[in-house]
Amino acid sequence: MNGRERRQLDIVRRWGTIGALLLTVGSLGGGAAPIYSPLYGVPVLGLFSRMPSVAMGVVWTGIFMIVSAWLALGRFVKPGRPRLISRGQMDRTLLMWTVPLVFCVPMFSRDVYSYLAQSEIAARGLDPYELGPANALGVDHVLTRGVPNIWRETPAPYGPLFLAFGRLTAMLTGDHVVSGVFVHRLLVLVGLGMIVWALPRLAARFGVPPVGALWLGALNPLVLFHIVIGVHNDGLALGLMLVGLELAMRGLEPLRWTWISLGAVVIVCGAMVKIPAMAALGFLGVMVARKLGGQFKHLALVAGIMAGIAAVGVVVICLGTGFGFGWVETLNVASTVKSWMSPPTALGFLGAGTGILLGLGNHTEAMISLTRLLGQAVSVVITVGLLWRSFKGRIKAMNGLGAALGAILVLGPVLQPWYVLWAAIPLATAVVGPKFRMFAMVTSAIIAIILPPTGSAFDGRAYTVPQAVAGAVITFAICVLIARKRVGPFLKSDPAGGGHV
């Protein structure tokens, strides 16, 4: 990069860092704070909780700044650009934007408080797959109070490996919410570290610029907001899955089963955090079968080996952690939520509503069950088709994995904004086309902006969000105007091949 480009990059990095700092400050009053927040009554810091509109306005200003900085940074990793950002510059940018967020109050979701309660249940020697927080800890327990009402009586839907980590956390932190959240955040940061380690290595194998994969994968605002700030265990599961794939691929040239088996075991560990990671075993098996000769007998042989590794790995983890196989029965816990964000569920609501209008009666539950079943069946068909196309060499295996995970989660009974990462991150390692890049960039930016930071509804105070967003838009516009002399040249065409922001 020349001197002019380095100055432009410096502006973008500082812009995003300021956004991260605003998110940290605004989270004190605009985040999904604990029920018994230690900030109440603290001079200065406690003031934000009494000004929710102002605090959320600060948060949304930070969101706008990080998203805009990320979009601008995409210019420096644009495929075909003669001078790409270096790996060191990308790593430093990731650190600049991530470190302030480590100290945020959780935002965008209250799932971490469910993690704490389920971890405490496990630490007490009770079965988190049989008992919900209310039954195991009591409705007045400090950890139960932090769990959203809909999840207080439901068992844990996560894998036994994650609950084993949670049990250790509970032993260390007890019922201290703040320290418990921080330790869980450190755990997902380990997952982010694994993503950062594996992404560029996988991208290099599939002919994608490593910095481009890091930009779309690790530095994606959805990662920063929902993995780092939101403390979702998807980060740990994705990290294990990607590390497993990278380790296994080291055994493909030449074929070495030790590396392949090690990678497969790590993938199983990821699945024992969140089960969708298990799909990676299928696409890994396809790559191994192609290396063996690409005949159907090779595919059948490798499928049997992968199934055996998965079975042994699951049994060892389930018995070794002491939780058994209760997680199998709780995989559908999340389906108790009927959200329009899930296409099959939305289709079920539409069908039921049509039936009511036609005078056929209210069959909402039956319609949603039917459409969800059809959605899952279609996702299986799509996944099998992608596996076959990958085996025949018509698509890259990583592209197939990303598309399959996208189909499984989009057509599943529940769809959350951060589920997009299950498709985006694998695809970031293998797709370089401008259409995918544009689609992923726009989709990530829109989802990152629209989700309220508190992780809850605003019934009875719907004015709060419009006020906060309006204030943030005005503040962001003022910031752009103030910085226009420096930002302005960056918005112009770059004759070096970078195009426009």
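This is a predicted model: local features need pLDDT of at least 70, side-chain atom pairs count only at pLDDT 80 or more; totals for chains, interfaces and linings use all residues.
Start with the core. The largest nonpolar core has 140 residues. Which members touch the most others? Leu 23, Leu 73, Phe 225, Met 241 and Leu 284. Helix α2, residues 52–73, gives the most to this core: twelve residues. As a general point, nonpolar side chains in soluble globular proteins tend to be buried together.

Look at Leu 284. Set aside its neighbours within four places in sequence. Its contacts are then Leu 245, Ala 248, Ile 260, Ala 264, Ile 267 and Met 306.

Now helix α19, residues 434–450. It has 17 residues, and at 1.5 Å a residue it should span 24 Å. Its end C-alpha atoms are 24 Å apart, so the two agree. Which of its residues are buried? Phe 436, Arg 437, Ala 440, Met 441, Ser 444, Ala 445, Ile 447 and Ala 448. In an α-helix, residues three or four places apart point the same way, because there are 3.6 residues a turn. What covers the buried residues of α19? The cover includes α2, α9 (210–216), α10 (221–229) and α18 (420–428). Remember α2: it is also the helix that gives the most to the core.

Last, the cysteines. How many disulfides are there? The count comes to zero. A disulfide here needs the sulfurs within 2.5 Å. Seen from Cys 479, the closest cysteine sulfur is that of Cys 104, again at 17 Å.

Conventions: Residues are numbered from 1 along each chain as its sequence is written. Side-chain values use heavy atoms; hydrogens and water are left out. A nonpolar core is a set of buried Ala, Val, Leu, Ile, Met, Phe, Trp, Tyr and Cys residues joined through side-chain atoms within 4.5 Å. Buried means under 20% relative accessible area, exposed over 50%, partly exposed in between (1.4 Å probe, protein chains only). Helices (H or I, at least four residues) and strands (E, at least two) are DSSP runs, numbered from the N terminus. Contact means heavy atoms within 4.5 Å. The expected span of a helix is 1.5 Å times one less than its number of residues.
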